[in-house]
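User: Please take me through a few features of this model, giving the general idea behind each one before the particular case.

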Amino acid sequence: MSSDGGPNPRSAPYEASYPRPHHITRRIASPYASIYNTAFFGRVNEAEAYESERTQRRMASCFTSTSNYDRFMDPEYRADANTDEDEACDDSQQTHVPDYCLCNTRHEASDDSRDLWELSLYNSHNTKPLSGLPVKVRTPECQVNPEPHISTKTGDHSSEKQNVFCPIYQRLAFSNSIRLLQILPSEPDIPIKCSLIETRLNEKCVQYEALSYTWGDPLETRIEITCDGMSMKIRPNLHHALKRLRSKEVPRLLWVDAVCIDQSNDIERGEQVNLMGQIYEKAETVLVWLGEDVHKQATTAFYVLKGVVQNWKTRRQWDNETIYSPKGNKRTTRPATNIPSVDSHSWLCVSALFDCSWFWRVWVIQEVVLANKAILIWGGNEILWRDIGLAAAIIRTNDHKIVRRHGMRGIYNAYLMYRLSQSQDMMEPLVNLSFLDLLQLTRQFDSTDPRDRVYSILGLLTVDNSPRSGASFIEPDYTISVDELYGKVVMKIIHISGNLNVLSGVQNQQYWIDGDNPFVSWVPRWDTAFSSTLASWDVDDVSSAAGRWSLEYYTTEVPGSLIVKAIIVSEVTDTLPVMDGEPDREALEHPSLKSGLEKVWGLTSLYETLTAGKHWYGSRDTEPHKYQNDLIAYIFSDSIHKSQNFNAYSELAKDGDSTRFMETSKNACTQRRLFHIFGGLLGLGPSCAEPGDVVCVLSGCRMPFVLRKKEGYFRLLGECYVGGIMNGEGVAAAQLAFPLRYGCPSPLKKEWIELR
């Protein structure tokens, strides 16, 4: 905590009317036209190439066989003439166009195929226009043909083949082209009408706003809107957002990912993901839509959080300046606070705010972090994002009792996003982060596509990812599998960092290790998060179980094999039950723990293990004796233990904070278990650890790991914390060929092991 009582700057975040310029075009579109490229048409004048390619794409994307192409050249051919050649067309050449692109047609689209359209948010019936500057855009002269040519087959939709010309999406003209959604003005009860406009992300780009929201449940019934005269179905939450943002007088220009990107085209998705950072960075305002305020909690929540910020600023000013009363007498007491008490029901509204799904969607991180200005909208109320983010930071770093009492899990995510935000100037920004750091910090966020765990943060600058200069950590590619992507990511991190710290992201479960599992055990599954990392969040933390031992490894032709030099420290001798949060007080009655509590060194060791050597902020705890009284207070908070043999610690308990210990230990202990190794050392490790597993120090890795021996190789279960080997003690013993300590069966040594 900083001296002014504010957020600790070094604490870790978690555990118009415009003429139609030449670069704006309204385009007739097809979702799979992107398979064509300039090499196909040859190198010609750029203008000629553009027109030629556009004509070729329009013709090629409309038809899936040569016969259909020939008919297109015949002006007398009508789209409703069904032919047998359509059905005979090979699937590999078939250009599939989602049925949601159809409009005003004589053929009814399949409901199943319409479900491909992935859109939405949650709620909102309030149609009050948002304060701000709606962008006026003149309707371009080029109009979309409202009656596209369609050729379909009647009968079973599951087996039918369709020849459809879709006028909504066509391949974007340039590498920096995007589509913008123009919402036409109307009264609140009128169905939404909109249009798509193509523009380029450059200095001549029109002013627009970008929407940040959550898509919502894919099973929700879609709501129909009209886009360029065509029917389009979107999810309810997006529909509510568009109605809330629509103006009664002027058009409004927005970028909305679910509509402005052809979600059925994996190639375009990858290309547009590369631009998303710039899209939100160049937006005039980022509009954060939380959904409908069903229970009317927004007013109270915003009032409380504004009070938190104002109180913090007032106290900060009082501490940093000499403040006098009107009579010239120096004040001796701090200004009174207007923050509700811990027990106030007002915090329930704040808790409901941070429980909104927006705070858990992984894509919103870069959307709000890169925003020059962001407005958060909840129902009919709105507030500046910087007030919400700063309030989250203040509460997160100063009021753990409020967080604990009211279960504000989402406040950690808000705090992280605020610390990363380029528009905030009240706290020291998080700098010198690696791409691995971002993967670890954002792991608790949600994503529908597991690949978005990686792609969603590519717009953020790190020491090894520079999207603005074209040096992205990895190129988005939705044509590869999740396993292939995660494998590429881990190998690139190892190559760039020169260490194995990325393996701390492994959180394997029992059925993954012993079952017929296709996953490689040492590759982190970024789409799952069972617990927080045991490693410190400090980017400058130099403590390491490997000490100064550099990484030694190589790979083989065996898929999923990693050969690394390691030290097998000891076998696991016994384990305690898996914990689902802070340690159960009854678990402290275990004989192996109770005896240690009677000694000061045992108390310190237990505290360090249960917190993984970290304090409440998630940074490395260099003074564990300073906070071990929190453990004593936790024990004495249970009346059962007050009468037992802990009387010697009764005075120390008065100086401890049991709530702070519960929050600290919860981050470390959730879905983990205590265990012992030979020599009596206590450890905290994976929930799937069993007697017979081994604790191992890997070369070039700051955390030790628990491994399970198989026939000729090991499976990696996850990281662990074992007091006595966290600062290179095991490496030192191996260099001298000594046992780790008295009671260990054999001297330690460095050896090659295989991980699969």
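User: Which residue in S8 is the bridge partner of glutamine 182?

Analyst: Strands of a sheet pair through backbone hydrogen bonds, either parallel or antiparallel. Here the partner of glutamine 182 in S8 is leucine 253, and strand S3 (residues 177–183) is joined to S8 by three bridges in an antiparallel arrangement. Helices (H or I, at least four residues) and strands (E, at least two) are DSSP runs numbered from the N terminus, and two strands pair if DSSP finds at least two bridges between them. The model is predicted, so local features need pLDDT of at least 70 and side-chain atom pairs count only at pLDDT 80 or more, whereas totals for chains, interfaces and linings use all residues. Residues are numbered from 1 along each chain as its sequence is written, and side-chain values use heavy atoms, with hydrogens and water left out.

User: Which way do the side chains of strand S8 point, and are they buried or exposed?

Analyst: In a regular strand the side chains alternate between the two faces of the sheet. In strand S8 (residues 252–255), Arg252 and Leu254 point one way, Leu253 and Trp255 point the other way, and all are buried, where buried means under 20% relative accessible area, exposed over 50% and partly exposed in between (1.4 Å probe, protein chains only).

User: What does S5 pair with, and in which sense?

Analyst: S5 runs parallel to S8, joined by two bridges, and glutamate 209 has leucine 254 as its bridge partner in S8. Strand S5 (residues 209–212) also pairs in the parallel sense with strand S9 (residues 285–289), over four bridges, and there glutamate 209 stands opposite threonine 285.

User: In what order do the nine strands form the sheet?

Analyst: The order is S7-S6-S4-S3-S8-S5-S9-S10-S11, in an open sheet with mixed pairing. Strand S7 (230–234) and strand S11 (381–384) are the edge strands, each pairing on one side only. On average, neighbouring strands of this sheet are turned by 35° against each other, direction ignored.

User: Where is valine 342, and what does valine 342 touch?

Analyst: Valine 342 lies in the loop between helix H10 (298–320) and helix H11 (346–354), and counts as partly exposed because its relative accessibility is 30%. Not counting residues up to four places away in sequence, valine 342 touches Trp347, Lys401, Ile402, Arg405 and His406. Valine 342 and histidine 406 are 64 residues apart in sequence but 8.7 Å apart in space, C-alpha to C-alpha.

User: Where is aspartate 228, and what is its phi?

Analyst: Aspartate 228 is in the loop between strand S6 (223–227) and S7, and has a positive phi of about 55° although it is not a glycine. Aspartate 228 counts as buried because its relative accessible area is 13%.

Notes. Axes fitted to C-alpha atoms, helices over the stretch in contact; angles between N-to-C directions. Contact = heavy atoms within 4.5 Å.
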